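The entries follow the order in which I went through them.

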Amino acid sequence: MKRIPIAAAEEISKKYGYDQVIIVARAVGAGEHVTTYGKDTINCAVAARVGNFLKYKIMGWVKENDKT
């Protein structure tokens, strides 16, 4: 399973005209991956917040420092 590079999300953003792109990928039984992209600093920060929400609140990922 390979990570999806930010450049792939950037390509989608530019090709289809989106300010923010969040890619959620799953390999059943092998893991999940989230890639985010924003066309500028503000949109990048928003996309990252959405990506983190999806990872930790929806998908149930555990943050490294929360393994108690």
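**Entry 1, conventions.** I am working with a predicted model, in which local features need pLDDT of at least 70, side-chain atom pairs count only at pLDDT 80 or more, and totals for chains, interfaces and linings use all residues. Residues are numbered from 1 along each chain as its sequence is written, and side-chain values use heavy atoms, with hydrogens and water left out.

I searched the whole structure for salt bridges and found three, taking the term to mean a side-chain nitrogen of Lys or Arg within 4 Å of a carboxyl oxygen of Asp or Glu. I noted that Glu10 pairs with Lys14, with the closest N and O atoms 2.8 Å apart; both residues lie in helix α1, four residues apart, which is about one turn of the helix.

I then looked up exposure, where buried means under 20% relative accessible area, exposed over 50%, and partly exposed in between (1.4 Å probe, protein chains only). Glu10 is partly exposed because its relative accessible area is 27%, whereas Lys14, at 60%, counts as exposed.

I next recorded Asp19 and Lys39, whose side chains meet in a salt bridge at 3.3 Å, N to O. This pair links distant parts of the chain, with Asp19 in the loop between α1 and β1 (20–27) and Lys39 in the loop between β2 (31–38) and α2, 20 residues apart. Asp19 is partly exposed at 37% relative accessibility, and Lys39 is also partly exposed, at 49%.

In the remaining entry on pairs, I have Glu32 with Arg26, the closest N and O atoms being 3.0 Å apart. Glu32 is partly exposed at 28%, while Arg26 is exposed at 60%.

Which side chain of opposite charge is nearest to Lys55? I found Glu64, 10 Å away, and Lys55 is buried yet has no salt bridge; here Lys and Arg count as positive and Asp and Glu as negative, with His and the chain ends not counted. Lys55 belongs to helix α2 (residues 41–58), and, leaving aside neighbours within four places in sequence, Lys55 is in contact (heavy atoms within 4.5 Å) with Val34, Gly60 and Trp61.

Notes: Helices (H or I, at least four residues) and strands (E, at least two) are DSSP runs, numbered from the N terminus.
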